[in-house]
Structures are given as C-alpha cells and as structure tokens.
Amino acid sequence: MRPSITVLAVGALIASACALYAIKYDTGRVAAEVSDLTDKIAQRQAEIAVMRAEKANLLRPARIDALVRAHLTTLSPAAPKQLGRVADLPWKGDIAAATSDLPPLALQP
Amino acid sequence: MSGKPKAKGASRHHRRRAFVLVAATALAFSVEVGQLALLGLKGSTAVRSDPVETITRNVARPDIVDRNGRLLATDIAMPSVFVDPRRVLDKDEVAEKLASALPGIDQRQLLSDLDDKARRFVWVKRGLTPAEAQRVHDLGLPGVSFRDEPRRVYPAGEDGGHVIGFVDVENHGAAGIERYLDQQNLTDLTDGATRSERAPVALSIDIAVQHTVRSELERAMMDFGAGAAAALVLDLHTGEVLADVSLPDFSTGNAALSLQPNRLDRVTGGTYELGSVFKTITLAMAQEAGVLQPGKLYDATQPLQVGKSTIDDFHPTRRQLTAEEVFLHSSNIGASLMALDVGEVAMRAFLERLKLTTPITTELGRVAPPQLPPRWGKATTMTVSFGHGIAIAPLQFAAAAAGLITGKQLEPTFLKRAVTSAPGSDAALIATRTREFLGALLQHNVTNPEGTGKRAAVPGYDVGGKTGTADIPGKGGYGRQGVLSSFLAAWPMSQPRYLSYLMLWAPQPTEADHGQTTAGLTAAPVTSRLIARISPQLGLAPVFGDGGT
C-alpha cells in the first residue's frame, strides 16, 4: 500500500509539474501574441490615420475646384434658378401622383 | 526503508550533524537579515540611476473637423531621428552624412552637440518624410536611431488656416483653435506616437463654404486689383461663423508666413473705419430713440460745416431727403443730422448696448478691441454716424449688425453649437418695430433701382444689405491709400437666416465701372455672386414668385 501511494504521489507531482509547465509556456506564447497584435493594431491605426488624412487631402474643396476648372470647362456653378423642388414642377395629374411618394430634395423650405 | 534497528552511537552522531547544519543555516540567515537592515537604515544613497537626458514627451491632439465632419487637422505618426553621442564612432562622418541626407539641418550645431559625450540624446530632425527616413536608414550609422512622434497635418490645405491655426514643433497649439485646444486641456501627454482618444472637435466653419468664399475673394482681388480682401458668413440663428476668410492668408503648412502683418486675420485681428455701412446702426438708433417722425425731412442741399471739416455726400442729391432716402442714397449729411437729433449720450449708450464699445472674445482669443474716439464732441457724433472716427473689428461689427437684424444679441462662435438656437438672453435687443423698420430699409436698398446695394441682388434669395465706402487713413491723411469698400448683407429678408460681411481694400477703378470704386460697384456684386453660390451649399432653397424677388 505505502509504496504505491508514494509512487502515485510522485506521479501526480510529475504530472502537475508538466501541466504547470505547459500552462506557463502557453501563457508566454499567448502574451507574445497579444503584444504582437497590439503592435499590429497600433501600426494599422497609424496607417488608417495617414489614409484618412490623405483622403481628406484628396477631397479638399480647393483641389476639387481646381480639377473641375481644368477638366469640366463647360460647367459653371449652379445658378439659383437651376434649383427647385419636385413639388414646384409644372406636372399635373397622374405624373404628380406617381412621384408623390418620392422623398423630397434635401433642401430646406 | 531499512528494517534493521540503528546503533545508538550512530544515532547520536547523526543528531550532532543535524544540529551543526541547522546552526550554520540560522547564522547565514541572520547575517543576511542584518545586511538587509543595514541597507534599509543607510538608505539608497549608494544606488544611483544613470543620468539620462529627458526625452520630450509628445502631445496627442484630438482631430479638428468642420461642421459636417470633414477632417481639417489630425495627428499622424512620423519618424524623428536622434543620435546617442556615446555610441557614435566618428562624429565628423555622422554629422556630414546626416547633413547631406537631411537638407536644412545645421551641421555645425550637430557637431558641437555630438562633442558632448555626457549627452545620450540629441535630436537631429523631427517629423521626417518617409523618403528622408529611408535615406537616413540607408546610411547605416551606429548611434543614429528613430523614434515615432505624432505630427499635426492639415489636409484642407490653404482653406481655413486663420481659424484652425497651427502647432509648434512639440505639437503644442500656437494659434487659432489649436491654441484653444491647449487652453481647454483637450490635449494629452503621451510616449511615442499614440493617437488621442478624445472625440473630434467640430468647428462652426463649413469648409466647402469657406473655400467658395475664398475663391470669390481671390477673383474679386484680381478683378479689382485690390490689395487685400476679407469676408465672414454668420448663421443668424446660432451665431456660428460659417466662413472666415482673410486674404492674403497663409497655408497651415507654412505657419511662419502668418507672422507677416499683411497676412493677419482681418476679420478678428484688425480694426477698421468701416464707413457708410455704419449707417445701418445709425438708422436703427434713430428709430429706437424715436426721432424719426413720419414725413420728417433731412436737408442735404448743401454740405455741413463742423469746425474745420466739411461733411458731404458721395452721391450728392442736393435736396430734402426722407429717412429712407438718407439710407438709400447713403447720405452722410442726413446720417449726421439724425445722430445730432439722437444726441451723443444716447448714441454712446446705444453702441454700448450693441457691445461695440468693449472688447469681445471668441475661441480664437480676444478680438482686436474697438478704437473709440478719445473725446466725444458734436463733430465725433456726426462722423461716427457714417462710420468714421470709430474703428471696429469686422467680426464685432457683424455681430452687432446681426443683433439689429434678428432683434437679439448674438455671440459669435467658431465651434459648432449643439443647440439650434444661440444661448444667452432671449430678451429683445431692440424693439420689434425697429427691427422691422431696419429690415425693410436693407431690403429696399437692394430691390430699389436707386439703392446703393442694387448690384447685390440675387434672384430667389431676397437679399438685403448696405454698402460702405471708407477712405483708408494713412500717410498724408485720408484717401491717399484708396478706399475700403464693404458690403453687409442678410438673406432671405423675409426670415433672415444668414449674414455676410465682405470687404475689399483699395480696389482699383475698372473701365466697366467708369472709374468708380464705391462699394456699390465693387463689394456689392461680389456679395451677390457669393450668396448665389453658398446658399445652395448651406441647403437654403431659392424662393421665386411672391416670397422672393
């Protein structure tokens, strides 16, 4: 009885040591993975910041204005007369009925 | 494990050995404890950290966006290069190679910095472009390293520079809203290039409107050969400044230019004698004081003589004028007579009520304080009535005019207001009758073919406004430097929503205008184009037919 208990205890000791080692090893690996991912996130965020700035720079009104003037030479700024609401169009009868469920233009009255 | 009983002598021998062992261990422990106690008592003077030069901590700033969320300023991580002099093998080689890879750095300064072996950290250049960083990296010099730092970039380019401001090399705000962010503690100290986690700061500016105003002013400067131009657009419901342009300006990427006095923000940073546009205030004041009896006429048949100076009209009519005609023909004589009717005490009280006599502040800092006449006599009362002898920052004047047009005191702001109406007192600034009277005057001045503001009309937007042509004071008295032409406009006059104030410095006479540089021929048509372009951008639909003109 006694020798077998000792053997069992030693076995349990070795098993738990192995388990502990495995967990410790895993933790180290996961921690490295976490710090690796954190670095990558920071890097991606930095890249996103650069791209957002680039996007805003490409969409800046001054650039669009210059591009339009250079390439769309037949266009000019819209005159107030060219703006209107669908309701103001001189359509009658079924045409008006057919368009009544369209959303209004995004202009305030 | 052994079943055999042990000898008595051997047992005693074992016990003695165990005792020696325990005693030795105890002795060793007590020596250790004693040593620890000694160290504790002596303090840590023997232990000293290596003195290392403090590395500057970086500042993370929140993004700045316009009122529609378009990005105007943001932090991006950029490498900065530094040297550890102790790890440098050949300081001459390092200094020379770095200077050739990074044009613009001071090689001599760098060499003397590298001489000091006590230093462990010397900045070479901060905020490198990727190409510069690659060049330095390719040199492969020991002791030369990189460190990522947040750098401020301004994607909107030349638009809105005066409002946004700029930062110094450490990313601290130095001007404009950037300085305001520092004052409000909206920035965070960080190590490395961490981005701010704060919500973006939204300006009242609409960058599309800002650009449109800027491009129209640029065109006006070319058309009229003007030396400078400025304009602002106010939301009359909230007091938000939708556009603030002052030309010549500077790009946020080239902040050093902002120090040139010619490039200051004229809207908030300078005071000017604004001229006849001030009659808007004079007429409202006369109506509020009750001196405008129906049918009362003002004698503009001949110039007024006050002491040594003469007051005459730009467009002399040489006849009796009604109050409305005084405004339509912009008669200096009529306005002077009205101001005399009101009296200097009531006039000063009215200007105080409009907050035109005390400095105002905005998020951009203190607006240039008004310059009032040092002594206020009869002559001053008369000249102030048509905008001379009193110099006011355009923003402050526009806010006062907005108060007269809406009937409520308006506090201008450069930040987007969360509420749809302006904070502060809802108490009426002036009587409803005065507001309606002034509104009709402004409207007629544009719709009436005899009005000085007729060229500001925009079909569908029911514009009202007043011209101002002031001689610019300078060497040799008034008028030698040309005139300051300006136009104050509000629209739609049925329910005023927006106000613009536009100024042109020293416009040159053009052939089409028969050699005239008055505001009716310069600032008014520019304002007309401006309103036609920005109203749709602001979502204001034109009204044709009964409501519009």
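Hi everyone. Let me start with a definition: a helix axis here is a line fitted to the C-alpha atoms over the stretch in contact, and the angle between two axes runs from 0 to 180 degrees between the N-to-C directions. Please keep in mind that this is a predicted model.

Let's begin with two helices in chain B. Helix 2 covers residues 91–101 and helix 4 covers residues 130–139, and they pack at an angle of about 155°, with their axes 9 Å apart. Because angles over 145 degrees count as roughly antiparallel, helix 2 of chain B is roughly antiparallel to helix 4 of chain B. The crossing of these two helices is right-handed.

Which residues make the contact? From helix 2 of chain B we have Lys97(B), Leu98(B) and Ala101(B), and from helix 4 of chain B we have Arg135(B), Val136(B) and Leu139(B). Sorted by class, that contact has 4 nonpolar and 2 charged residues, with no polar ones.

Now let's step back to the domains. In the domain assignment, domain 1 of chain B is made of 54–86, 149–190 and 198–203, while domain 2 of chain B is 208–537. Their C-alpha centres lie 35 Å apart. How many residues does each domain bring to the contact? Domain 1 of chain B brings 17 and domain 2 of chain B brings 18.

On the domain 1 side, two or more residues come from each of helix 5 (161–164) and helix 6 (176–183) of chain B. Helix 5 of chain B gives the most, with 4 residues. By class, that side of domain 1 of chain B has 9 nonpolar, 5 polar and 3 charged residues.

Key:
Residues are numbered from 1 along each chain as its sequence is written. Chains are lettered from A and ligands numbered from 1 in the order in which they are written. This is a predicted model: local features need pLDDT of at least 70, side-chain atom pairs count only at pLDDT 80 or more; totals for chains, interfaces and linings use all residues. Angles under 35 degrees count as roughly parallel, over 145 as roughly antiparallel, 65 to 115 as roughly perpendicular and the rest as oblique. A crossing is left-handed if the near helix is turned anticlockwise from the far one by less than a right angle, and right-handed if clockwise. Two residues are in contact if their C-beta atoms, placed from the backbone, lie within 7 Å. Ala, Val, Leu, Ile, Met, Phe, Trp, Tyr, Cys and Pro count as nonpolar, Asp, Glu, Lys and Arg as charged, and the others, Gly among them, as polar. Domain bounds come from an automatic or database domain assignment.
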